Amino acid sequence: MSRIGKLPITVPSGVDVSIDGPVVTVKGPKGTLSHTVASPITVEKAEGELEVKRPDDERLSKSLHGLTRTLVNNMVVGVTQGYEKKLEIRGVGYRVLPKGPTQLEFQLGYSHPIIFEAPEGITFTTDGPTRLGVQGIDKQLVGEVAANIRKLRKPEPYKGKGVRYEGEHVRSKVGKAGK
């Protein structure tokens, strides 16, 4: 039995869960998310919690069991608390300027500034010119936007300049050895 899949999902007060066939919709104080559950897996609603069940012990059912439970749980956490990824910028002259809650302007050592637009459901926060946060209710979308921002200028291994996640360790290499 899947250790993660068999755990029940507690639904906090203020969160409304509706199950319409394979579509699970979670509505909470921060917004609404929906997910279509893959065919052999079912989601059942009990008093104050959700249970994810699988019909048999086939390989596909086992693999989708824990995944579905985690995705539905992430929706419940997203509409109640939300998700945030923090990034930091290192390098001389590298900085970020907020152009509103959904737009950022980066100076990352290129000859031009880079304007980054947030997709719907994502907001940005900046803590000074070198720290920023990506916030939203969809965990997958928050991670994807943070990865796209990091991709603008990845941290390089010689001086460590670039955009990195907060707390990310970048292994530094030794430069060219001279005679």
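1. A definition to begin with: Ala, Val, Leu, Ile, Met, Phe, Trp, Tyr, Cys and Pro count here as nonpolar, Asp, Glu, Lys and Arg as charged, and the others, Gly among them, as polar. With those classes in hand, the lining of the largest pocket has 5 nonpolar, 4 polar and 2 charged residues. Please keep in mind as you read on that this is a predicted model.

2. Let us stay with that pocket. The volume of the largest pocket is about 170 Å³. Its lining is made up of Leu 33, Ser 34, His 35, Leu 71, Val 72, Asn 74, Met 75, Ile 137, Asp 138, Lys 139 and Gln 140. Strand E4 (31-36), helix H1 (59-80) and H2 are the elements that each give two or more residues to this lining. Which element gives the largest share? That is H1, with 4 residues.

3. H1 has 22 residues, and from its first C-alpha to its last it reaches 33 Å, close to the 32 Å expected at 1.5 Å a residue. Buried residues in H1 include Ser 61, Leu 64, His 65, Gly 66, Arg 69, Gly 78 and Val 79. Just after H1, you will find Gly 82 with a positive phi of about 85 degrees.

4. Thr 68 deserves a look of its own. This residue is found in helix H1. Is Thr 68 buried or exposed? Its relative accessible area is 3%, so Thr 68 is buried, the cut-off being under 20%. Setting aside residues up to four places away in sequence, Thr 68 touches Val 37, Ile 41, Val 43 and Val 52.

5. Now for helix H2, which covers residues 139-152. Why does its length agree with expectation? At 1.5 Å a residue, its 14 residues should span 20 Å, and the end C-alpha atoms are 21 Å apart, which agrees. The buried residues of H2 are Val 142, Gly 143, Val 145, Ala 146, Ile 149 and Arg 150. They cover an arc of only 165 degrees around the axis, so they lie on the same side of H2. As background, an α-helix has 3.6 residues a turn, so residues three or four places apart point the same way.

6. What do the buried residues of H2 pack against? Their partners are strand E7 (83-90), strand E9 (103-107), strand E10 (114-117), strand E11 (122-126), strand E12 (131-136) and strand E13 (162-165). On the face of H2 turned away from this buried side, you can find the exposed residues Gln 140 and Lys 151.

7. Gly 31 is found in strand E4. Leaving out residues up to four places away in sequence, Gly 31 touches Val 26, Val 79 and Ile 137. Gly 31 and Glu 166 are 135 residues apart in sequence, and their C-alpha atoms are 27 Å apart in space.

8. Arg 54 sits in the loop between strand E6 (49-53) and H1, and it counts as buried because its relative accessibility is 14%. Arg 54 and Pro 40 are 14 residues apart in sequence and 6.4 Å apart in space, C-alpha to C-alpha. Asp 127 lies in the loop between E11 and E12 and is partly exposed, with a relative accessible area of 45%. From Asp 127 to Ser 63, 64 residues apart along the chain, the C-alpha atoms are separated by 40 Å.

9. Finally, look at Val 170, in the segment after E13. Apart from its neighbours within four places in sequence, Val 170 is in contact with Pro 155, Glu 156, Pro 157 and Arg 164. Val 170 and Gly 31 are 139 residues apart in sequence and 36 Å apart in space, C-alpha to C-alpha.

Terms used: Residues numbered from 1 in each chain as written. Predicted model: local features only at pLDDT ≥ 70, side-chain atom pairs only at ≥ 80, totals over all residues. Heavy atoms only, no water. Expected span 1.5 Å × (residues − 1). Buried < 20%, exposed > 50% of the residue type's maximum accessible area, 1.4 Å probe, protein only. Arc of directions from axis to C-beta. Contact = heavy atoms within 4.5 Å. 1 Å grid on protein atoms, 1.4 Å probe; cavity = no way out; pocket = protein on both sides within 12 Å on 5 of 7 lines; lining within 4 Å. Points joined across faces, edges and corners; volume = space filled by probe spheres on them.
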